[in-house]
Amino acid sequence: MEPSYEQAAEEFLRRVIREYYENGAGIKETIEIVAVYNQFGWLFDRSAVDSSLVWSTPAERAIADFVVDGYLDASVKELSEKITNEMTQATIEWQGEHIPYRRASVIIANEPDQAKRHELESRARAETEKHNPEELIRWQTLHSQVRDIGFASYLDMAEQLKSFRLEWLLARMIDLRERTEEIYVSELEHFLGTIGVDSADATSGDIAFLFRSPQFDRLFPPEKLIPTLRATLAGLGVDLDSQKNVILDTESRPLKSPRAFCAPVRIPDEVFLVISPRGGRDDYASIMHEAGHAEHFAWTDPTLSFAEKRLGDISVSESYAFLFDNLLKNSRWMSEVMGEHDHADYCRLARFHKLYMLRRYSGKLEYETKLHTSGDIESMRDTYAETLSRALHIKISPVNYLTDVDDGLYAAGYIRAWIFEVMLRRHLEENFGLLWFKNPDAGKFIAGLWSLGRRHTVDELAHYLRYEHLDAEPLVTELAR
């Protein structure tokens, strides 16, 4: 693509990401992306798609991925905006008042009474169900558009443009579930027992309360949230206070998304780190995860091309995010940085949380590979519930069969990131010691990786770290112990 195309594409992303930031942060009640797509529609018209699909370099393939994603997004832009705005403004009647739909998950995670958790879950599912007809039309449109531009299926599109190696990845995740089955079931029953829940009755809401783990709030006081992030970065030689390009948004707002996120409006000059504090460990995990993203974008070399800064393998930035949030499972970090030494029970729960998430995402990947090759999306409700229930051994409602699906098979990107994170962490431990997070030399090494933006895939970065290939065995071994 011509330089003028990349300049316009950069401006388009800045505008769209700012819209998502302001809406997700609860600053704006509505999101207004249709006007942006209309202004930059030429970036994603059919001629742009056709010309981009003839590529010969990784950078050109990344551009093709961007163009196709934009073409698909543009085809459902009005519907996407409508769904987002409706869900932002939706409310649920609860205990005599109307609470924002987005806040329901926060309340569920903090509710100690199982009956009340399940009741609010039921009401939240009823609200979700209202949006499923629109979500269905949206996904039917996306599947149709993918076939129209020449791909056999949405899955085929992701395989060709994103280099996920889906067959290999799914096989590794099935192996992970088989090898962790015994320890997972044992730990699940143990931890559900600590909150008085029978595994036969457990729902996602019970799991949310379990991992909210209020009994460990003493380890994660709210006033230490930002100082802990600051101290962790300082150990790596990074001064958070001098980083004017990293903007922390920790303010509580009624319409703020409960899901923490990073919004790189201008890379590397304006990067927002957004979190909606809900209390306890989850706040720490969220801010550390999003800080991994934020630091990656903030350290990206500004001279890189648009594709190298913005596009490419999504697993790269997720790997850095996982590297940071994995510190909350590291007993040495808990002692050295948090100053907490009585944390054995907490670390056991934290390790189980990671196992739960990997099994959940392995189930999501299995389900989405079926969803995106199905000729009848609406028939996939039970498949979703059955697949996730089998992976997690809890009751999964079919109502989220579409709202739990991210565009672009992002679940695959997450799993690849989890795989690479263990490899990167082992490299850091072997070269900078078990306390690598307190070694400025390790910080310089990581910053060197950050500066590469998304020029390389995690497969290529694995070679850079002198591994033969991206290897899931270290991850599976770690979880199966």
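Buried means under 20% relative accessible area, with a 1.4 Å probe and protein chains only.

I noted the ground rules. This is a predicted model, where local features need pLDDT of at least 70, side-chain atom pairs count only at pLDDT 80 or more, and totals for chains, interfaces and linings use all residues. Residues are numbered from 1 along each chain as its sequence is written, and side-chain values use heavy atoms, with hydrogens and water left out.

Next I searched the whole structure for aromatic pairs and got 27. Rings of Phe, Tyr and Trp (its six-membered ring) pair if their centres lie within 6.5 Å; planes under 30 degrees apart are stacked, over 60 edge-to-face, the rest tilted.

I looked up tyrosine 184 and phenylalanine 352. They are stacked, at 5.5 Å centre to centre and 25° between the planes. Tyrosine 184 is in helix α9 and phenylalanine 352 in helix α16, 168 residues apart. I took helices from DSSP runs (H or I, at least four residues), numbered from the N terminus. Tyrosine 184 is buried, at a relative accessible area of 0%. Phenylalanine 352 is buried too, at 2%.

Then I went back to my opening residues. The ring centres of phenylalanine 322 and tyrosine 414 are 5.7 Å apart with planes at 45°, so this pair is tilted. It links helix α14 to helix α18, across 92 residues.

Last, I checked charges over rings (NZ of Lys or CZ of Arg within 6 Å of the ring centre and within 35 degrees of the ring normal). Arginine 165 lies over the face of tryptophan 168, 4.3 Å from the ring centre.

Key:
Helices (H or I, at least four residues) and strands (E, at least two) are DSSP runs, numbered from the N terminus. Buried means under 20% relative accessible area, exposed over 50%, partly exposed in between (1.4 Å probe, protein chains only).
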